[in-house]
Amino acid sequence: DNKSNYVLIAASWNDRPTSVYLFDEKLKQVKELVSENPAIKKLATHPTRLLKLKAKDQTKYYAYYTTPKKQKGPFPLVVKVHGGPFGVEERWGFDKESQFFASHGFAVLRVNYRGSGLLGHHFESLGKYQIHKGIQNDIADAVRRLNKMGVTTKGNACLWGGSFGAYASVMNALLFPELYKCSAAFGGIYDWSTFLKEGDIRANEWAKNYWKEYLPKNNEIKRASPIYRISEISKPILLLHGTDDFRCDVSQSRRLKEKLEMANKPVTYIEFPNTGHGFTNIPDKKRMFSEVLNFFKRHLQI
């Protein structure tokens, strides 16, 4: 039989986009068919490393950190907090946002805090009632580890995230102001006491029951909400929100912004008309990252 058999292979790296190759078994040849992003592939990309961690309660978890290529640290730090928080995770591989910030001289930290996906049901269940405690401690401890390693310097960091990541970006700086210079947050929840009555959650019984199982109980719900702890917020915040957000209602950011302004706290607020919980409009997405990048450059020592 002179016919060739072909195998498709997807190859991933931590410092360049995924590529798909065609392997010809007969000729023993490999040919690249397509790259996820050829333009980025040609640019200098930045290495990502694994960070193994253990919390004070002995919970094991891990994070990834990306550093600018061929530069010596310590670096200013962007802590990129994933959303969810449950069932979502940070994965090894090429992360576009990390590469973007690293290309501007920042180290980037991504933490699989307790409650994240990928590590099994038990690890996810450790996030119950812990959105303002254990989860926040895990993020802060990962930042401390990078400081201790000399990759970053204590206090020269900003947080960044969307949805739950936006909440954690505000909350972590509130709880651990010594670690950070600022927070940037897109489409976040800042008042958990109203969250289940807003957006598409209110019409989804499964989602409401799920969140009731994980959210703090009774008076703790307000302790978990930055909007009730305005006096403890000391770092500048960049708030961004889409007016058509179906998951986290834009009123969350509007109310937090008003309370911060009334208390003379440093806050910058930007709304994106006709934008939902994520971006489908490329110009708006470019504007958002431009605003976030400039915000970090104003507050961090590069």
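**The cavity and the cores**

Tutor: V170, A173, L174, S183, I233, S234, K235, P236 and I237 line the largest cavity (lining residues have an atom within 4 Å of a point). This is a predicted model, in which local features need pLDDT of at least 70 and side-chain atom pairs count only at pLDDT 80 or more, while totals for chains, interfaces and linings use all residues. Residues are numbered from 1 along each chain as its sequence is written, and side-chain values use heavy atoms, without hydrogens and water.

Student: What makes this a cavity?

Tutor: On a 1 Å grid over the protein atoms alone, a cavity is a set of points where a 1.4 Å probe fits but cannot get out. The largest has a volume of about 40 Å³, and the whole structure holds one cavity of 30 Å³ or more.

Student: Why is a set of 60 residues called the largest nonpolar core?

Tutor: A nonpolar core is a set of buried (under 20% relative accessible area, 1.4 Å probe, protein chains only) Ala, Val, Leu, Ile, Met, Phe, Trp, Tyr and Cys residues joined through side-chain atoms within 4.5 Å. The largest such set here has 60 residues, and V79, L109, I131, I139, Y180 and W192 have the most contacts inside it. Helix α5 (a DSSP run of H or I, at least four residues) gives the most to this core, with eight residues.

Student: How do you know that the length of helix α10 agrees with its 18 residues?

Tutor: The expected span is 1.5 Å times one less than the number of residues. For α10 that gives 26 Å, and its end C-alpha atoms are 26 Å apart, so the two agree.

Conventions: Buried < 20%, exposed > 50% of the residue type's maximum accessible area, 1.4 Å probe, protein only. Helix = DSSP H or I, 4+ residues; strand = E, 2+ residues; numbered from the N terminus. 1 Å grid on protein atoms, 1.4 Å probe; cavity = no way out; pocket = protein on both sides within 12 Å on 5 of 7 lines; lining within 4 Å. Points joined across faces, edges and corners; volume = space filled by probe spheres on them.
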